[in-house]
Amino acid sequence: MNIQLLNQNISDTKTDISLEYLTKKALKKNKNKKALKVAGFSATQDSICFLHNKNTLICGVETVDAQSVRSVSAVAMKALKSTNYKSANILVDDMTLIAALVEGFVLGGYSFEQYKTKKSKCSLKEISLIYIKDDYKKAINVFSDAIIVADATCFTRDIVNTTPEDLTPPTFAKLAKRLAKENDLECKILNEKALKKENCHAMLAVGRASRHESQLIHLSYKPKNPKKVINLIGKGLTYDSGGLSLKPATSMVSMKMDKAGACAVLGIIKAASEMKLDVEIHAFIGAVENMIGGNAYKPDDVLVSRSGKTIEVRNTDAEGRLVLADVLDYAQDKVNADYMFDFATLTGACMVAVGQYTTGVMGHSSKLKHTLGKAATNAGELTASLPFNKHLKKQIKSEIADICNISNKPYGGAITAGLFLDAFIKEENKDKWLHFDIAGSAYTESPWDVNVYGGTGAGVRFMSEFLKNI
Ligand code: BES
Ligand code: ZN
Ligand code: ZN
């Protein structure tokens, strides 16, 4: 389906159907209010009503703002996809709504059908946004960036949704190489032999019982004269069975999504390179499969991480932090970045703390957390800051090694996981780093906002927004 931004009168745009956004207040004065009343439409948020004889689709919004418009556009898109209309248009009179409309249509209309033998048919081929203000040129830029970011979000979703048998650490590396070729990125892959040379023993231990070799993937986007250098690090567990601390059957289902942090990082570097942002971006991915077997790593093992710090393993299901410990250390050694962000489906505790819809944000710099929070709000993603403190830090002390991979108390699990990662952040980088726990926000089995079943692409929109504003 194609979306375009046009600078011409709506009456000159011949489409099968027009969309209109209506608040309760505007409904009272609307020319179709009688018909809408008969249909039982009262303009509540996310309600829609087709007036087929008028070739109009009315969409209810609480207020005409980006959040409401984004959300109802997703509902409208899903409804339009099941009709026989081939083209639609909508008049936009506010530049701030352009991105919201694109996100609603593209992300709300997304579906993943790779494993369906019969693909669904969709008649809708084109949506035209009509913008007839003087600043059309600026609007075109806003529009094309929004398309790039929405497409990158779908790219991320596609990888998250791919099965663990199809998307293994080596196929992940292949996919990264393909993206590098298409988007003119540099790409370096470290296989297990190279990882051994790099002393990534924590990461290697997690992947040891897998039949697929672990891979550290490093992609870089290097424009000329960049304003800043950014390191992005992603947890890429292509499957998390829990290892010997095996997950219960019901908790294991959906653990193909444990690579969502890595997928987000790929989506972000894709979007940044396509928007041609003048920031240098390095994406580091730890692609590993956490399985069981005679050679599996064990609770009671002590691992020597790349940094030299020793880690007592008390639970092999707390594997993401072990992989990230080495990848974070590697990234800091290889690139001296201005900012460093990691994305990880790290803890179930984060979902308990902030709910399924929100990304947990952790780090030392209040300023950076605030900036990212604002970027997330603008991009239509939910984030919440989870505070570190010295008492929680004590909970990951070990009696026999430098640090333990799980907390000795059942509370504050998202934060103790964040504090574990903090132990691998060098002193000079403490204020440059933030950790995003996307365990809840990265995947859903029931639709919400612009998200449909499966991967949501969490992180791609808010990080792209942050990068655009640097
Ligand atoms: N990948 C999981 C976290 C997760 C849980 C992501 C649910 C998405 C949905 C992670 O590796 C894990 O298993 N964490 C454990 C940590 C515990 C053993 C300290 C958890 O959250 O239970
Ligand atoms: Zn786990
Ligand atoms: Zn995991």
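Strand S2 (17-22) and strand S5 (87-91) each supply at least two residues to the lining of the second largest pocket. The model described here is predicted.

- The volume of the second largest pocket is about 570 Å³.
- A total of 27 residues line this pocket, and those closest to its centre are Leu-19, Glu-20, Tyr-21, Ile-90 and Leu-91.
- S2 makes the largest contribution to the lining of the second largest pocket, with 6 residues.
- By residue class, the lining of the second largest pocket consists of 13 nonpolar, 8 polar and 6 charged residues.

**The largest pocket**

- The largest pocket holds about 670 Å³ of space.
- Its lining is made up of 32 residues, of which Lys-247, Leu-346, Thr-347, Gly-348 and Ala-349 are the closest to the centre of the pocket.
- Two or more lining residues come from each of these elements: strand S9 (229-240), helix H11 (320-334), helix H12 (348-354), helix H15 (413-422) and strand S18 (443-444).
- H12 provides the largest share of the lining of the largest pocket, namely 3 residues.
- The lining of the largest pocket comprises 11 nonpolar, 12 polar and 9 charged residues.

**Strand S10: burial**

- Strand S10 spans residues 280-290 and is mostly covered, with 11 of its 11 residues buried.
- Here a residue is called buried when its relative accessible area is under 20%.
- Glu-280, His-282, Phe-284, Gly-286, Val-288 and Asn-290 point one way from S10, and all of them are buried.
- Ile-281, Ala-283, Ile-285, Ala-287 and Glu-289 point the other way from S10, and these residues are likewise all buried.
- The buried residues of S10 include the charged residues Glu-280 and Glu-289.

**Strand S10: pairing with other strands**

- Strand S8 (residues 215-221) pairs with S10 in the antiparallel sense, over 7 bridges.
- S9 pairs with S10 in the parallel sense, over 11 bridges.
- Lys-235 has Gly-286 in S10 as its bridge partner.

Conventions: Residues are numbered from 1 along each chain as its sequence is written. Chains are lettered from A and ligands numbered from 1 in the order in which they are written. This is a predicted model: local features need pLDDT of at least 70, side-chain atom pairs count only at pLDDT 80 or more; totals for chains, interfaces and linings use all residues. Side-chain values use heavy atoms; hydrogens and water are left out. On a 1 Å grid over the protein atoms alone, a cavity is a set of points where a 1.4 Å probe fits but cannot get out, and a pocket is an open set with protein on both sides within 12 Å along at least five of seven lines; lining residues have an atom within 4 Å of a point. Grid points are joined across faces, edges and corners, and a volume is the space filled by probe spheres set on the points. Helices (H or I, at least four residues) and strands (E, at least two) are DSSP runs, numbered from the N terminus. Buried means under 20% relative accessible area, exposed over 50%, partly exposed in between (1.4 Å probe, protein chains only). Two strands pair if DSSP finds at least two bridges between them.
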